[in-house]
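Reader: I would like to go through this structure and hear the grounds for each label. Please show it first.

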Amino acid sequence: MILGLDIGRQFVKAVLLEKTRGGTKVLNTGIRLVPEQHKAYDPELIGKPLWVMAVRELMREMKINPKRVRNLVTGLNGTNVSVKQITTIDMPEDELFSSMTFEARKHIPMDGSDAVIDFQVFGPNPKEVDKIDVGLVACTKKVSNAHMDLLKEVGFKPGIVDADSIAITNAFGNGNEFPEEGAIVLLDIGSVSSSLVVWGRKDQFFTRDIPTGGYHFITDLSEKRDIDYITAEDEIMRNGISSFQNGARNDLSDIAVAERNVFDNLIEDLRRSLRYYAKTTNQSFFTKIMLSGGGSSTQGLQEMIENKLSLNTVLFDPFQTLAGYEKLEVSNPNQYAVATGLAIRGGLGK
Ligand SMILES: Nc1ncnc2c1ncn2[C@@H]1O[C@H](COP(=O)(O)OP(=O)(O)OP(=O)(O)O)[C@@H](O)[C@H]1O
Ligand SMILES: [Mg+2]
């Protein structure tokens, strides 16, 4: 059994998988809120004690004893970890290690501690002779230690630690084909930030952390409508993006002023990232956008992204390609994309 545990900044999600002869089977799932219930959520107040409590409670609900978990896979979010595909001159392994450590420092927000890296040589670069493509994953020692401490405090023996962006890629790659021509866009809309992945079989793996998520949808609505956080949250949960149009209409100044909102910013960020990808890789054919993360359940958002970017946009259900999914009772399957991808990673090569 493999436990994929996605310790998000607002919800902890768990997916329990089993490798069977025929493939992968999902056994159980669970979700738990990290902050205090019925209070305005403030990401600044989230820290180790709340995470430890939430994970422990979730394990208790799922009847899992952390001490007994042998295959644990957890993830680090895109704000804390950098995943890059790098093209470099071919060199021996030890030189590559120092070169990649140097490279890593350019991509992670340094916090006074050293960089921790992991890399994998993909092979020769198809376009330039003497060059190789390398996948580099990096974070700081502080981030890595804090994560390990959290897991130990829950009672786990730390296992594989992956990056959220790689997890959503694995979740999608399990049972779905990456396009032969063109690249696919994966977007996991979390609470505090969103992970964007662009990848085609022949093209570069690209990922970026977009600093917008469900929390910002709510705070933006709360400011625009001058309502408190809880009311804004209820409103978004019920009416999605149309909440922004339901403002008081009794004031002349409201007429026809299409105010820019948080969704326009998110879409603009996406557009800019895709343009950047097209420019650096010469690949400008995007086959579709797969949405995941809790924020992707926002009513009307999928259609809005589809219309504004003119790209087929689909809600991604990570369980659909797994055995046992018909027995699951999950209301927001898309919210489990990272947890599922983490668990799938734990089953790779076994
Ligand atoms: N039905 C819904 N409509 C709108 N928003 C929703 C809905 N369900 C969940 N959300 C939003 O999804 C977000 C939580 O999603 P998720 O669990 O993916 O975040 P997280 O992993 O905890 O955060 P992060 O990835 O930023 O660390 C919250 O902002 C919540 O408001
Ligand atoms: Mg998340």
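**Grounds for the labels**

Author: This is a predicted model. In it, strand 1 (residues 2-7) and strand 4 (residues 72-76) pair in the parallel sense over three bridges.

Reader: What makes strand 1 and strand 4 a pair?

Author: A pair needs at least two bridges, and strand 1 and strand 4 have three. They therefore count as paired strands. As an example, Leu3 has Leu72 in strand 4 as its bridge partner.

Reader: What is the order of the open sheet formed by three strands?

Author: The order is 5-7-6, and the pairing is antiparallel. Strand 5 (82-89) and strand 6 (115-124) are at the edges, because each has a single partner strand. The twist here averages 25 degrees from one strand to the next.

Reader: How do you know that strand 7 pairs with strand 5, and what joins strand 7 to strand 6?

Author: The test is at least two bridges. Eight bridges join strand 5 to strand 7 (residues 131-140), and nine join strand 6 to strand 7. Both counts meet the test, so both are pairs. Ile89 stands opposite Lys131 in strand 7. Helix 2 (residues 93-107) packs on the sheet and touches strand 5, strand 6 and strand 7. Its direction makes about 115 degrees with that of strand 6. On the other pairing, the bridge partner of Gly123 is Asp133 in strand 7. The hairpin of strand 6 and strand 7 has six residues between the strands, and Asp130 there takes a positive phi near 70 degrees.

Reader: What is Phe285 in contact with, leaving aside its neighbours within four places in sequence?

Author: Glu181 and Gly182. Gly182 is 103 residues from Phe285 along the chain, yet their C-alpha atoms are separated by 4.8 Å.

Reader: Which residues come nearest to ligand 1, and what is the make-up of its shell by class?

Author: Of the 21 residues around ligand 1, Gly8, Arg9, Gly190, Gly214 and Gly294 come nearest. The shell has five nonpolar, 15 polar and one charged residues. Gly is counted as polar. Helix 5 (214-225) and helix 6 (229-239) each supply at least two residues of the shell.

Reader: How does the radius of gyration of the chain stand against that of a compact globule?

Author: A compact globule of 350 residues would have a radius of gyration near 20 Å; the chain has 21 Å, which agrees. Buried residues make up 40% of the 350 residues. The chain's secondary structure comes to nine helices and 13 strands.

Methods:
Residues are numbered from 1 along each chain as its sequence is written. Chains are lettered from A and ligands numbered from 1 in the order in which they are written. This is a predicted model: local features need pLDDT of at least 70, side-chain atom pairs count only at pLDDT 80 or more; totals for chains, interfaces and linings use all residues. Helices (H or I, at least four residues) and strands (E, at least two) are DSSP runs, numbered from the N terminus. Axes are lines fitted to C-alpha atoms, for helices over the stretch in contact, and angles run from 0 to 180 degrees between N-to-C directions. Two residues are in contact if their C-beta atoms, placed from the backbone, lie within 7 Å. A residue is near a molecule or strand if its C-beta atom, placed from the backbone, lies within 6 Å of it. The radius of gyration is taken over C-alpha atoms; the globule rule is 2.2 Å times the number of residues to the power 0.38. A residue is buried if 20 or more other C-beta atoms lie within 10 Å of its own, exposed if 12 or fewer, and partly exposed in between; C-beta atoms are placed from the backbone.
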